[in-house]
Amino acid sequence: MSLIQISGLKKQFQGTEVIKGLDFSLDKGKCIALLGPNGAGKTTTLRMLSGLMNPTEGKITFTEAKKGEDIRDLIGYLPQFPVFYDWMTGLEFLSYVGRLAGLPAKEAKDRSLELLKLVGILDAKNRKTAKYSGGMKQRLGIAQALIHRPKLIMLDEPVSALDPIGRREVLDLLEGLKKETTILFSTHILSDAEEVCDEILFLHNGGIVESGTMTELRERHQQAKIDLFFRGKAVQYASFLENHELTQSVMLEGSRVSIFVKDIALARRAFLQVIAEQNWPLEKFEVSSMTLEDVFMKVVGK
Amino acid sequence: MNQWLTLLQKETLEMWRNFKWIWVPITFILLGVKEPLTAYYMPQILDAVGGLPEGAVIQIPTPSAAEVLISGLGQYTTLGVLIIVLTTMGIIAAERKSGVAAMILVKPVSFQSFITAKWAGSALLMWVSFFIGYLATWYYTGLLFEWVPFDQFLQTFFFYGLWLTVILTITVFCSASLASPGMAGFISLAAAIVISLVSSTLSNWLEWSPAQLTTYGNEVLINQGISDQTLPAGILAVICIIILLSLSVFIFRKKELAA
């Protein structure tokens, strides 16, 4: 069942169309990743959904909102760079936001403590937010988005600013939250999307260029692919492989060459032969299935 | 209402944490009390500083208590206004600039409450500071000169307070509609100066100008009674405040929080 429906959403800034007509809906209880390169319009889209920006055109409908209900009751939002009142402690900020969202004082405090524990910064509850590290701010930001148990939480690049450990922890946190609410989060890190999300929306140049579940995407873009890893630069080998009769297309990335082929069995034999004959400094030979990154490159490259 | 009180409580707590509740009243006391003290001790001060030729006789007429109070009030409409503008200019603009306003307003917070609670917080600080400061001025004037009747003190306090509130509301309005706190402060000060100047030069035509409330306050002190124009001027001041606040909410709501 869909929770929110977006149709014909457009946004212009001083005549430039940044979002060029989005149509999609989000299903209840799902975790959806909004994926796209920098400048694709991810943040703008989330800001419009959260009500911080007005769409130039288009409609956003919350299926569950009663007539006249403030949609802000239903959503929690974490901006890319969360800011707090730096003279407040983490606990004070959460309780404050909780009371603004309509919780009674006592309940707001209990809920704040519960969330501080959930996001793992309970120890810092009485520290001023000015003294929080980037990771702690991100966690407090997630906590404030959850305070009023919203139906939908939207997170703008929740893990991009974190170190690997923090990233791991926040992703695990999201994994746990999936049971409670619908999550929409934007990211340009593909593996994060692949890991936590059920569905993916690819955003590029202000439009959705591809969408679906991971399996759907794989099926749609399935292509036999062989990855070759060389010692040193792979440019010279790439150009050779590009002209090979079995090759469909080639992608070069430093010391890695990815070759999309028609027939994997034939290609494997042929390439291994070439490599042996010409004595190429090969480090790794990999027959791989399509990753999200490949889909991303393919879709964005169009 | 509950939400409004939560917002107001946050404002007062913030002013406590950043010591506005301490330094603003103290500055208001110093500004006002300076007048009776210097007026009273001027001959001694001149004496002590010296530098006057031998045998020079200085005749400084002792000012009346009303004159001393009026010059004290003059401090509030000049330097006091500066302080009000400086402490208020950022309350909305700075929060929007830092992004914290967006954090708060994605929660179901009404825009009216957000703006009016901020206004009420600043107004509370201003009225309390002005009361303490002016009370101290009145007390020292009574001690060193003559006691001005307390009801006259209250009347002038109220008239001047209303005018200061108009300026404060102009500042809140600028803070809500302009992007930078500095710009908001500058425009508010300019507006306050222009309104005062125009009202006093064209006082015959602008009897109902809220800025004239200060003149009517002064008339009370020099025992001329309450002018007939006071009530309309007061009502106009309240109307200005209400209109400016409504406009602030309107403009703030129209503006996109995330730029």
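Which residues have the most contacts inside the largest nonpolar core? They are Trp163(B) and Leu164(B), in a core of 127 residues. The model is predicted.

**Cores**

Helix H7 of chain B, residues 150-177, gives the most to this core, supplying 14 residues. Leu164(B) touches Tyr76(B), Gly80(B), Val81(B), Ile84(B), Met126(B) and Phe130(B), leaving aside residues up to four places away in sequence. A second core is separate and has 13 residues. Ile226(A), Ala234(A), Tyr237(A) and Ile259(A) are among them. In soluble globular proteins, nonpolar side chains tend to be buried together.

**Helix packing**

Two packed helices are described by the angle between their axes and the distance between the axes. H7(B) and helix H8 of chain B, residues 181-201, have axes that come within 8 Å. These axes cross at roughly 145°. The crossing of H7(B) past H8(B) is right-handed. On the H7(B) side, the contact uses Ile167(B), Ile170(B), Thr171(B), Cys174(B) and Ser175(B). H8(B) brings Pro181(B), Ala184(B), Ile187(B), Ser188(B), Ala191(B) and Ala192(B).

**Chain interface**

Contacts between the chains involve 19 residues of chain B and 23 residues of chain A. On the chain B side, helix H1 (2-17) and helix H5 (100-105) each supply at least two residues. H1(B) gives the most, with five residues.

Residue classes for the two contacts are set out below.

Technical notes. Residues are numbered from 1 along each chain as its sequence is written. Chains are lettered from A and ligands numbered from 1 in the order in which they are written. This is a predicted model: local features need pLDDT of at least 70, side-chain atom pairs count only at pLDDT 80 or more; totals for chains, interfaces and linings use all residues. Two residues are in contact if their C-beta atoms, placed from the backbone, lie within 7 Å. Helices (H or I, at least four residues) and strands (E, at least two) are DSSP runs, numbered from the N terminus. A nonpolar core is a set of buried Ala, Val, Leu, Ile, Met, Phe, Trp, Tyr and Cys residues joined through C-beta atoms within 7 Å. A residue is buried if 20 or more other C-beta atoms lie within 10 Å of its own, exposed if 12 or fewer, and partly exposed in between; C-beta atoms are placed from the backbone. Axes are lines fitted to C-alpha atoms, for helices over the stretch in contact, and angles run from 0 to 180 degrees between N-to-C directions. A crossing is left-handed if the near helix is turned anticlockwise from the far one by less than a right angle, and right-handed if clockwise.
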